[in-house]
Structures are given as C-alpha cells and as structure tokens.
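Visitor: Hi, could you put the structure up and walk me through a bit of it?

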Amino acid sequence: MEEIHGAVLMQHIRLSGPARKKWLISCCASMLAIPFSGEAFFSKVQGVDSARVKKVAVSINAPSYIAVASPNTLYISEDGGAYFQKAAVLKDEEISHLCIDREQSNIVYLAGSRHCYKVGTATERIFSASDGERINFILKHKGMLYTATSDGLFYADASLLKWNAVPGLRSSEVYSIEGFGENIYLACDSGAYLFRPMAHCRGYSRAAAAVLRRVLRPCC
C-alpha cells in the first residue's frame, strides 16, 4: 500500500499456493486469538431440543421475550434467551412463520403449513387452510391479523371470529407481509403489492369489495 499526495493506493499482492495457505492459516489463528468482550459471544441456548431452528422473533416492547421455532415446535424464553421452554408442538404440519403480538408480548401467532394458532397460556387454533392450500406467513398489524397463503391474503379483526379474503388476490400466492403505518405490503408470485385496508373491515358489501380491488395495486 502506497500513499500518493494524500491518497491511498491499494496494490494487489499475488501469493504462491503454499504462501497463500500459510498466510490464511496465520490470519485465522490471529482471529481466534482475539478475545471477545463479555457481550460478544455465541453459545447454545438451554431448553431448545432441536438442532434445526427455522424462525426467531424478539418482542419489540419486551426484548426479554423471545420466540424460537423448530420445524414443528415453538419455544419461548422470558429471560432474554437464557432458557427456553416448549410452548406448542404441531402435529402433522411444520411451522411456516411466527410473530409476537406488539400489544401483548406474551402472545405469539404461529403459522403452520395448514393451520394458524394463537399461543398464550393455551394454544388456540384460529385459522385453517382449505384442501391443497398452504400457509406461508402471519402478521398482526394495527389490531388486524393477516395470513398469507398459496391462495391469497386473508385477514380478521381482533375477535378472530371471521376471516375475509382480499379480492383480487385469490389467484396469487402471497409469500410475505409487512405493515407500515396504514399500508400493508405484500410479496406475491405475481409481483409486489400495496394494500390499504379500509378503516372498518367488518361486513364487506359488494361495493366495499370493489373499492378494495381499486386500492390494491402493484407498487413496483
């Protein structure tokens, strides 16, 4: 490396095979010798039986509350990850996604491949896919719960008594959902979409459904 008029000139150095190998070993040894601070280390957590961890979520309002999912088991930690315990085990399906309720940090919404669950002090089934349909994603945003499936997007209010399909997406697979402000962003097999749900989503009439079709539009 040479300095010319205050600028730095980087020169490429070619090493022979044996010299390159020796240099790499020296670099790795030097990195291993660097001591980590007390807050920068990796260690296997206690209580998670499975070696395959597919999903992890941390509560925004209570960071000590962490949810971890293996292929079919949900683990919960309430002490910042020092210890995990089993909260739910799914039978005959795998976990696709999970999210922690932002308003109630002790509630986890779990998306299995065929059903969705609300996990708190008990596990409650809240949504079921139709035959041949696959669930990909689940999100709670501004009091509404959204479920992305291979047959479109479904939503329900906090009561979870009635799920509605978003018109215009029944022929599209929705892979993921992100909420920001009043907008819901969707990643679909037909592109990315912006969905603006109406202020009150109960009891849609045909006219209201038509409005939903108009506000559903590609954002890129």
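Visitor: Which residue in strand 5 is the bridge partner of Ala69?
Guide: That is Leu74. Strands here are DSSP runs of E, at least two residues long, numbered from the N terminus. The model is predicted, so local features need pLDDT of at least 70 and side-chain atom pairs 80 or more, while totals for chains, interfaces and linings use all residues. Residues count from 1 along each chain as its sequence is written, and side-chain values use heavy atoms, without hydrogens and water.

Visitor: And what is the bridge partner of Leu74 in strand 6?
Guide: Ala88 takes that place.

Visitor: How many bridges join strand 5 to strand 6?
Guide: There are 4, and strand 6, residues 85-89, runs antiparallel to strand 5. Strand 4, residues 66-69, also pairs with strand 5 in the antiparallel sense, over 4 bridges; pairing takes at least two DSSP bridges.

Visitor: Is strand 5 mostly covered or mostly open?
Guide: Mostly covered: 5 of its 5 residues, 73-77, are buried (under 20% relative accessible area with a 1.4 Å probe, protein chains only).

Visitor: Which of them point which way?
Guide: Thr73, Tyr75 and Ser77 point one way from strand 5, while Leu74 and Ile76 point the other way. In a regular strand, side chains alternate between the two faces of the sheet.

Visitor: New topic: what is Val174 in contact with?
Guide: Beyond its neighbours within four places in sequence, Val174 is in contact with Asn136, Ala148, Thr149, Gly152, Leu153, Leu169, Leu186, Ala187 and Cys188. Contact means heavy atoms within 4.5 Å.

Terms used: Buried means under 20% relative accessible area, exposed over 50%, partly exposed in between (1.4 Å probe, protein chains only).
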